[in-house]
Amino acid sequence: MAILQNEDARFKGLEKKIGLFVLVAILGIVLTIASIGYQHEIFSPKIHLYFIAESGQDINDGMAVKLSGFNIGKVEKLALTDAAKVKVTLSINKQYMKWVRADSNARLLKEGVIGANIIEISPGTETAAALADDTQIAFKRERGLGQVVDELYGEIVPLIEDLKRVAQRAETLLAGLPATQQKLDAVLVSAKNNFDNLEKITASDVPATIRKLDAAILSATRALDNLEKVTASDLPVMTRRGREAIEGAKKIVDSVSRTWPISGAIEQPRSETLPVDSYAEGQNQKKK
Amino acid sequence: MNRWMLTWAAITAALTLAGCVSSAPRLTVQQEAAIQYNQRGEAAFRQGDFALARDEFQKSLSIHRSVENQEGVAGELMNLSLVYRRLGNSSDAHGALDQILSGPGLAFDDKQSAEAAYRKASYYLDDADDAQARVWAGRALDFCRGCPAEGRIYNLQARMALSARPAESMQLARRALALNRSAGNKIEEANSHRLIADAAFQTGDYASAQAAYDAALQLDKKTGAAEKIALDLMGLGRVLARQGKRKEAMDYFQRAYFVSEGAGDTRAMDEAAAEIKKLTP
């Protein structure tokens, strides 16, 4: 081999060339890996937060963790606790931790109606404390479509039953409607006939009646006028004389009634005392 | 001559008649008003409007007091007492009578005090307070001393003794009967007969009981007291039923039922119906 190297000019500096080639290849591979890692933010510093869920249903490793719709991390690990609950550890890029605060909470929800499940972190308030590594945050599971449908189903089924009953009643009512309509038609025809008759009667008799009434009212007004004149002048005098006459008559009657032998036949008015019977058991008590 | 004699005879007769003419005492305006209120109160009482009766009697009482009419005041206090009783106000009922018996102001005579004490005894008896009833009946007799209420007081005492001491009740009722008959008080005379009958029934002397109930019935028919007639008929029915005369007894109970029905006394109707049911096989 050494003889060949020494004899062929193409082999001159071959070791250096191969070493350079391998070095470039290795450098390319490293740069590619570094580029991919950079793109996947493998080299970004991370903060780990966790929450405890009743169940790990719909939560998977690598599931996206978002804040205001922006990807800020992923689900790193799921583990079962001693209390048979699920501890979900989130890996969140440190640069986004300025929006994740102590009053932030995590929610499991679905992106769109048929989208993937994600963990949504709500932005915390600026005044709330910053979160350290391996801190627990609150978690809430949003109602899924299935749950919503189940609830709606529970409410809609009785509604449908009610609608069915209403429809049945309406059907029963409508069944009798033609007969009612016929009766109404008959009533309306009868009413129309009555009104026609009334119109005929009023057209012929009412004017005459009104004329007679006018005359009667006029006559009554005159009579009242005359009566007013009479009462204004004579009635007070008549009343006074009548009273005097009555008083006089009363005096005479009183005198006569106190005179013998008439007084003996007229019983004088006197106060009565209500008797209390000796035998009336319980009769003196209030009647119930 | 004859003409002159006739003239003198006519003048003499006219003067004689004029001498005979006398005027009955004229009522004062206050007396007339008080009597009117009293009569209105009595009418309201008979119609069962006890509140109105109370108001009318109070107006009458005020007038009597304004002229110190002792008799009128006593009468209206007794009326008010009965009205309060019907209104269910027993304390005011006794209070009105106490004004006659021990109240300040006007001094009432023994006759009025006897009547007031008799009424108190009657109220206590109706309230089943036998001890107080006996006390007040005794005081009524003490006040009375031959007053018109004496027969009623003995009747009341006979009623008090009836259930426990029928023999004593019989004696008291007989004394009451004599007094009431003498006073011409038909209602109380009938009560005396009925009490004698009740006492005889208690002692098993059915013949005397039947005769006494019958006497009471005759008197009650004269006074038109439907309630008492029904009581007499019920008594006769019970006497006959006790002697085993079911058919005759049934007739009396049915008569009692019809009398009570006519008077609208449902309680008495129920009692008669219960007796009829007992006799129905």
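Predicted model: local features only at pLDDT ≥ 70, side-chain atom pairs only at ≥ 80, totals over all residues.
For chain B the mean pLDDT is 90, with 94% of the residues reaching 70 or more. The scores for the model are ipTM 0.81 and pTM 0.54.

Let us turn to the sheet of chain A. It is an open sheet of 8 strands, and reading across it gives the order S7-S1-S4-S3-S2-S6-S5-S8. At its edges lie strand S7 (135-136) and strand S8 (138-141) of chain A, each pairing on one side only. In general, the strands of a sheet pair through backbone hydrogen bonds, and they may do so in a parallel or an antiparallel way.

On one side, S2 (residues 64-67) of chain A pairs with strand S3 (residues 70-80) of chain A in the antiparallel sense, over 4 bridges. You can find Leu67(A) opposite Phe70(A) in S3(A), and Lys66(A) opposite Asn71(A) in S3(A). These two strands form a hairpin with 2 residues between them. In the turn, Ser68(A) has a positive phi of about 55°. S2(A) also pairs with strand S6 (residues 117-121) of chain A, this time in the parallel sense and over 3 bridges. Here Val65(A) has Ile119(A) of S6(A) as its bridge partner.

Now for the helices of chain B. Packed helices are described by the angle between their axes and by the distance between those axes. Take helix H8 (residues 150-161) and helix H9 (residues 166-183) of chain B, whose axes come within 8 Å and cross at roughly 160°. That angle makes H8(B) roughly antiparallel to H9(B), and the crossing is left-handed. Among the residues making the contact are Tyr154(B) and Ala158(B) of H8(B), along with Leu172(B), Ala176(B) and Leu179(B) of H9(B). The contact residues divide into 8 nonpolar, 5 polar and 3 charged.

Further along chain B, helix H10 (residues 186-203) and helix H12 (residues 226-242) pack at an angle of about 25°, with their axes 11 Å apart. H10(B) and H12(B) are therefore roughly parallel to each other, and H10(B) passes H12(B) in a left-handed crossing. H10(B) brings Ala190(B), Arg194(B), Ala197(B) and Phe201(B) to this contact. From H12(B) come residues including Leu231(B), Asp232(B), Gly235(B) and Val239(B). The residues of this contact divide into 5 nonpolar, 1 polar and 4 charged.

Methods:
Residues numbered from 1 in each chain as written. Chains lettered and ligands numbered in written order. Pairing = 2+ DSSP bridges. pLDDT = per-residue confidence, 0-100. Axes fitted to C-alpha atoms, helices over the stretch in contact; angles between N-to-C directions. Parallel < 35°, antiparallel > 145°, perpendicular 65-115°, else oblique. Left-handed = near helix turned anticlockwise from the far one by under 90°. Contact = placed C-beta atoms within 7 Å. Nonpolar A, V, L, I, M, F, W, Y, C, P; charged D, E, K, R; others polar.
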